[in-house]
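Could you walk me through this structure, one selection at a time? I have it open in a viewer and would like to know what to click on next.

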Amino acid sequence: MRSKAFGALLGAALLALTAAGCGSPASAGGSGTVTVTVGYQSRTINTVTAGTLLRSLGYFEDELRSRGERDGITYEVKWQDYATGAPITAQMTAGKIDIGSMGDFPLLINAARGKQLNRPTRLVSVTGYNLAGGLNTVVTAPDSELGSLADLRGRKVSTSIGSAADGTLVRALRQAGLDPEKDIRKLNQQPAVGASALQAGSADALSQFVAWPGLLAFQGRAKALYDGAELKLPTFHGVTVGQDFAQRRPGVVEDFLRAQGRATDYLHRHPVPASESVAKDTGLPAEVVHLYNGAQGIATFDTTLKPALIAALKKDVPVLRSAKLVGDVDVDAFVDDRYLRRVYGSGYAKALAAGPPARRGGEVWLRGEDTTTAYPTPTALLRYVAAHRDAVRAAYVPDASTGTLWFADRAVWVSDGTGLRPFVTGSAARTYVSAHPGARTLPYAAALDKARSAS
């Protein structure tokens, strides 16, 4: 049933595009003019180096301007913004988008639909990733009595079927001993619709991708029920291109990847200004953007196609196949790193081997500052926050078991001897307490007081 619904949605999108009579991207838009169309998801903020941030910095246009001067051609970039990956795939398979960015599960659907409709696509780079899966989270209402995934039996759960968040939900439910097809009532909704459903009480929980869980927690409209990093399975977003486009204009693909690399470097050098820029363009709070994209953020930004990510992509295929959203997908044929290797040159092997930066004890963002301060431990961070409460714009701490960054004032705190340990979810905190005699959970205010008195 869900497969038919997804197919109908994709078919309707294709018909709408055909009826609109849009001109083919990367075709002559006038004498000596080539238009390159890029599909992106502005509010899916771990794609910003191939979308929102890249667009604001103008790096792709810079690269194409230089190419145009060499080729005697004028290049124009057309940016198209979407809420999810499905419409980007619809546009690509209709020949209306050249380059797109989306999550791992949508990427597989992109590959499958491209092959099915004889418009094959190729995965050419990565935007943001998390090796444990922390980019996806299941949340519930702040006052909900639900304490763990097991409590979702018989409940209504909103997600976007075919998305990475849906994949996390399916895997997590199975791990908890629940049948995702029979034991819950799944609501197939866009993220914004699901967020409204959660607030209205028509959904008991919401499983979504970045930045929705962090946004709802920041706004006090939700609390985390399950941290996707508990799966310990990588999740990522990447860049896909039409194979025909890449073959006709390989230099333009390389220009895009070169520009994406520059945007990635900018984000690494200027994480706070980058968060502010993305916030301005998306309407998201900068504090939420920084939770995911900051120096210690949940997402690691690296364009290379790492073996661990490709291996995870192969493990995603059976999940989508069981939901009848794809058949077999040849992941090895879909992944194409030739363009990225040419951009990197001899430095690609070293970049490919690099991992995420070492996590510290969290970071504090002070009001009016364009940098943050890192702390060696969560207790040290709380000690500072307790003494400077009015000056703190946001404080972030890593989950004691998964490492997933979370807002300090939304974390569940555990006191264990002289130390304080933060957790994203109450269930993780309770698991820790049950295994450590003498440990206990305590409210955020009490954690601040304990940290200050321990100084």
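Here is a tour in stops, each with something to select and a note on what is there.

**Before you start**

This is a predicted model, in which local features need pLDDT of at least 70, side-chain atom pairs count only at pLDDT 80 or more, and totals for chains, interfaces and linings use all residues. Residues are numbered from 1 along each chain as its sequence is written, and side-chain values use heavy atoms, with hydrogens and water left out.

**Stop 1: colour by confidence**

Colour the chain by pLDDT, the predictor's confidence in each residue, from 0 to 100. The protein chain averages 93, and 93% of the residues score at least 70. Now select residues 1–30, where pLDDT stays under 50. For this stretch the model has 45 contacts (heavy atoms within 4.5 Å) beyond four places in sequence.

**Stop 2**

Helices (H or I, at least four residues) and strands (E, at least two) are DSSP runs, numbered from the N terminus. Two strands pair if DSSP finds at least two bridges between them. Show the open sheet that 5 strands form in the order 8-7-9-6-10, with mixed pairing. Strand 8 (185–188) and strand 10 (223–227) stand at the edges with a single partner strand each, so one side of each has no neighbour in the sheet. From one strand to the next, the twist averages 30 degrees.

Select strand 6 (residues 136–140) and strand 9 (residues 205–209): they pair in the antiparallel sense over 5 bridges. Thr140 has Ala205 of strand 9 as its bridge partner.

**Stop 3: two backbone details**

Zoom in on Val210 and Ala211, which are joined by a cis peptide bond with omega of about 10 degrees. Ala211 is in the loop between strand 9 and helix 8 (212–218). Next, go to Lys232, in the loop between strand 10 and strand 11 (235–242). Phi of Lys232 is near 55 degrees, a positive value in a residue other than glycine.

**Stop 4**

Select the open sheet of 4 strands with the order 14-13-15-16 and antiparallel pairing. Its edges are strand 14 (372–374) and strand 16 (405–407), each with a single partner strand, so one side of each is left without a neighbour in the sheet. On average, neighbouring strands here are turned by 25 degrees against each other, direction ignored.

Inside this sheet, strand 13 (residues 363–366) and strand 15 (residues 392–398) pair in the antiparallel sense over 4 bridges. Leu366 has Val392 in strand 15 as its bridge partner. Helix 17 (residues 378–387) touches strand 13 and strand 15, and its direction makes about 165 degrees with that of strand 15.

**Stop 5: helix pairs**

Two packed helices are described by the angle between their axes and the distance between the axes. Angles under 35 degrees count as roughly parallel, over 145 as roughly antiparallel, 65 to 115 as roughly perpendicular and the rest as oblique.

Which residues of helix 17 meet helix 19? Select Thr379, Leu382, Arg383, Val385, Ala386 and Ala387 in helix 17, which meet Tyr444, Ala447, Leu448, Ala451 and Arg452 in helix 19. The axes of helix 17 and helix 19 (residues 444–453) come within 8 Å and cross at roughly 95 degrees, which makes helix 17 roughly perpendicular to helix 19.

Move on to helix 11 (residues 271–282) and helix 12 (residues 286–293), whose axes come within 8 Å and cross at roughly 130 degrees. That angle makes helix 11 oblique to helix 12. The residues in contact include Pro271 and Val272 of helix 11 and Ala286 of helix 12.

Finish with helix 4 (residues 86–93) and helix 5 (residues 104–116): their axes come within 10 Å and cross at roughly 25 degrees. Helix 4 is therefore roughly parallel to helix 5. Here Thr89, Met92 and Thr93 in helix 4 meet Pro106, Ile109, Asn110, Arg113 and Gly114 in helix 5.

Terms used: Axes are lines fitted to C-alpha atoms, for helices over the stretch in contact, and angles run from 0 to 180 degrees between N-to-C directions.
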